[in-house]
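Me: I have a structure open here and would like to go through it slowly, one piece at a time. Could you help me read it?

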Amino acid sequence: EWPASAHAFALDGLTNVTLTSRSRAGTIRAMACELWYIQKPGSGHHLLRVDADANLTFASSQLVIEHLALRDSPNYFIDLRKVHDVTIRHLDIRVTCVGTPRGTIGSLLESLALYTDGIDVWGSS
């Protein structure tokens, strides 16, 4: 069962960090199609969430996110909050459990996957 309060990656207070794939083909897959949509339809956590440092109150900054394939997040694939100086490039973001509508419960679950946003950014630069 998917943990009720868990993002796949939750990173706070980052400075001068690059998230990349050396092979430029690295995949991060959350398996939300199998584990999330059936258990908790209509809500979800993020594949990657980056936020400011809660204790020191400074924004995450100088971030690069590149050359990754992201699959099947329960909600936003990437949620960046209170960030500054972020570069995002060369990402392949997909929901893989979306099929042909068939009028079944399965197709209703698949339609929930259509409402996962790719990237949500709150910050500057």
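Me: Which residue forms a salt bridge with Asp12?

Reply: This is a predicted model, and in it Asp12 forms a salt bridge with Arg49, with the closest N and O atoms 3.0 Å apart. The two residues come from distant parts of the chain, since Asp12 lies in strand β1 (residues 9–12) and Arg49 lies in strand β4, 37 residues apart.

Me: And is Arg49 buried or exposed?

Reply: Arg49 is buried, because its relative accessible area is 10% and the cut-off for buried is under 20%. Asp12, on the other hand, is partly exposed, with a relative accessible area of 39%.

Me: What other salt bridge does Arg49 form?

Reply: Arg49 also forms a salt bridge with Asp51, where the closest N and O atoms are 3.6 Å apart. Asp51 is buried as well, with a relative accessible area of 17%, and Asp12, Arg49 and Asp51 are linked in a network of salt bridges.

Me: OK, how many salt bridges are there in the whole structure?

Reply: A search of the whole structure finds seven. One of them joins the side chains of Asp92 and Arg71, at 3.1 Å from N to O, and this pair also links distant parts of the chain, with Asp92 in strand β6 and Arg71 in strand β5, 21 residues apart.

Me: Why does Arg71 count as buried?

Reply: Arg71 counts as buried because its relative accessibility is 12%, and anything under 20% falls in that class.

Me: Switching to the strands now, how many bridges pair β5 with β6?

Reply: Strand β5, which covers residues 60–71, pairs with β6 over ten bridges in the parallel sense. Within β6, Ile88 is the residue that stands opposite Ile65.

Me: Which strand does β6 pair with over six bridges?

Reply: That is strand β7 (residues 119–124), and the pairing is again in the parallel sense.

Me: What do side chains do along a regular strand?

Reply: In a regular strand the side chains alternate between the two faces of the sheet.

Terms used. Residues numbered from 1 in each chain as written. Predicted model: local features only at pLDDT ≥ 70, side-chain atom pairs only at ≥ 80, totals over all residues. Heavy atoms only, no water. Pairing = 2+ DSSP bridges. Helix = DSSP H or I, 4+ residues; strand = E, 2+ residues; numbered from the N terminus. Salt bridge = Lys/Arg side-chain N within 4 Å of Asp/Glu carboxyl O. Buried < 20%, exposed > 50% of the residue type's maximum accessible area, 1.4 Å probe, protein only.
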